[in-house]
Amino acid sequence: MQFINSYKPLQTSKPKIKKTIVILFILFLILFPKANQSNLQNTLNYVDFKDFDNLRVLIDRINPYNTNLILKGANISLRYSTYQFPSIYQGGFYLSNQLTILNLNPVLKFYYDNNDSQMNEVSNFKDIMILSTNYLEYRDRKYRGKFFIVNKNDEYYLINLVSMDDYLRSVVPSEMPVSWDIEALKAQAIIARTYAIRVALERRKKNEVFDLYSTVMDQAYYGVDKENPRTDIAVQQTDNLIVVYEGYPIWALYHSNCGGQTLDGRLVFPTRLNKNENYLTSVKCLYQGKEWENKVETYSLKKAIEKLTKTRVYSIDNIYTNNFRTYIVYNGGVIYSLYNWEVRKFLGYSVVKSPYLKEIKIQGGYVNFKGIGLGHGVGLCQFGANVLAKNGFKCEEIIKYYYKGVEIVDKDRWLKNANI
Ligand SMILES: [Zn+2]
């Protein structure tokens, strides 16, 4: 960048005024820290907006009044920041292996090991950071990185700040069996990385306090115990690779098995995709899928339809499926139809295991569902990916088979020119 006019006129009395304004502003910040709270929240976002080497994963929501949160780790220690000094963490260092946080609101109360007679109390805290020299253990799961307890709108969140690589080392084996073909595992690593960036990007734009859920709500992240040398290799060998469509990370949806054909993402998730995103098309799959059968009480179905149609349902006369739609004939001839993925939403994802329904029948007081596949059926089919890998497909080819028109690129190179 060039400055055309670099000449500055001499200033005489102006610096004094400037100095006074600066001093007044600093005084204002000290006297009225809460007035500036929202700005401070922005500056204390732990992770830079474009830093995808670090992720904030939600581990749990916390009851601030009766917390009783127990964390373990070698030389575990709690640090806290205040509203006046939001980026400075205070707190001692103890040679302890366990930390108990009893209470968060209105006063933070915590103690180390079993010394509840040595209670620490802090009244004006903002955020809490918890560190250890090996792992942090919470509810029988060990995690790498740091923990934060963050308060937003009077809700408290336990967040694991973890590097992308450490996150993936746990996610890939949590989402795919480690015994599978290495090219399938590599494909899984690339799409899990892509999914994490895409979702983190969306949540950071909304200024949310975490990037990802640690469950299948986003991707299963079950900590250190899941890690395995084979999936570590898959993460390393695909280091920094992500999937983009027209220069933007894709919403890399995947599922267990599709039942023979994947579904069009624009149909199943019409509100979650941007208008130009056409990569989640329906493709034929080499894996035939696993069949399943489940039933629900007719009464539950009746209640679901009453909720959907906002009318009384006296009788369910017939129910059938065709071309991913379910047709319910009720009250002596009224037909209500909905997509099979909507049926899953209303009756439960573990009951209607996939939208690929083969047959629905009323039997006694029950409605019996027969189907094939497992999961929503959009994007990469994991079982199918493993079949492709066994047939000699490389991870990039597997990805391009299930996501149409995409490119696989280096994350940092993408980030340099990214319009986000
Ligand atoms: Zn499949």
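Which residues does Leu-263 touch, not counting residues up to four places away in sequence? In this predicted model, the list runs along the chain: Val-268, Leu-280, Thr-281, Ser-282, Phe-324, Trp-341, Pro-355, His-376, Gly-377 and Val-378. Leu-263 itself sits in the loop between strand 15 (254–255) and helix 6. Leu-263 is buried, with a relative accessible area of 8%. Lys-284 is 21 residues away from Leu-263 along the chain, and the C-alpha atoms of the two are separated by 9.4 Å.

Now step back to the whole chain. The protein chain has eleven helices and 23 strands. It holds 420 residues, and 48% of them count as buried. Take the contacts with a separation of 6 or more: residues 24 or more positions apart account for 64% of them.

How far does the predictor trust this model? The mean pLDDT of the protein chain is 89, and 89% of its residues reach 70 or more. Residues 1–14 are one of them. Beyond near neighbours in sequence, residues 1–14 have zero contacts in the model. Residues 27–45 also have pLDDT below 50, but this stretch has 20 contacts beyond near neighbours in sequence.

The largest nonpolar core has 89 residues. Ile-101, Ile-130, Ile-149, Tyr-167, Tyr-402 and Tyr-403 touch the most other members. Helix 4 (residues 182–205) gives the largest share of this core, 13 residues. The core draws at least three residues from each of domain 1 (65–153) and domain 2 (166–268 + 380–417). Look at Tyr-167 for a local view. Leaving out residues up to four places away in sequence, Tyr-167 touches Leu-55, Val-57, Val-162, Ala-196, Leu-212, Gln-219 and Tyr-221. There is also a second, separate core of 19 residues, including Val-296, Ile-319, Tyr-330 and Leu-338.

Strand 17 (residues 316–322) pairs with strand 18 (residues 325–330) in the antiparallel sense, over six bridges. Ile-319 stands opposite Ile-328 in strand 18. The hairpin of these strands has two residues between them, and Asn-323 takes a positive phi near 50° there. Strand 18 then pairs with strand 19 (residues 334–339), again in the antiparallel sense and over six bridges. Here Tyr-327 has Ser-337 in strand 19 as its bridge partner. This second hairpin has three residues between the strands, and Asn-331 in the turn has a positive phi of about 50°.

Which protein donors hold the zinc ion? They are the SG atoms of Cys-258, Cys-285 and Cys-381, lying 2.2 to 2.3 Å from the zinc ion. Along the chain the donors follow the spacing C-x26-C-x95-C. Cys-285 lies in the loop between helix 6 (265–268) and strand 16 (291–297), while Cys-381 lies in strand 22 (residues 380–381), so this pair ties together parts that are 96 residues apart in sequence. Both Cys-285 and Cys-381 are buried.

Move on to helix 9 (residues 382–390). Seven of its nine residues are buried, so helix 9 is largely enclosed by the rest of the structure. The buried ones are Gln-382, Phe-383, Gly-384, Ala-385, Asn-386, Leu-388 and Ala-389. They pack against helix 3 (164–175), helix 4, strand 15, strand 22 and helix 10 (395–402). Just after helix 9, Gly-392 takes a positive phi of about 95°.

A few backbone details remain. The peptide bond from Asn-105 to Pro-106 is cis, with omega near 5°. Pro-106 is in the loop between strand 4 (98–103) and strand 5 (108–112). Asn-207 is not a glycine, yet it has a positive phi of about 65°. Asn-207 is found in the loop between helix 4 and strand 12 (212–213). With a relative accessible area of 38%, Asn-207 is partly exposed. Lys-310, another residue other than glycine, has a positive phi near 55°. Lys-310 lies in the loop between helix 7 (298–309) and strand 17. Its relative accessible area is 72%, so Lys-310 is exposed.

Conventions
Residues numbered from 1 in each chain as written. Predicted model: local features only at pLDDT ≥ 70, side-chain atom pairs only at ≥ 80, totals over all residues. Heavy atoms only, no water. Core = buried A, V, L, I, M, F, W, Y, C linked by side-chain atoms within 4.5 Å. Buried < 20%, exposed > 50% of the residue type's maximum accessible area, 1.4 Å probe, protein only. Helix = DSSP H or I, 4+ residues; strand = E, 2+ residues; numbered from the N terminus. Domains from an automatic or database assignment. Contact = heavy atoms within 4.5 Å. pLDDT = per-residue confidence, 0-100. Donors = N, O, S within 2.8 Å, 3.2 Å for Na, K, Ca; no water. Pairing = 2+ DSSP bridges.
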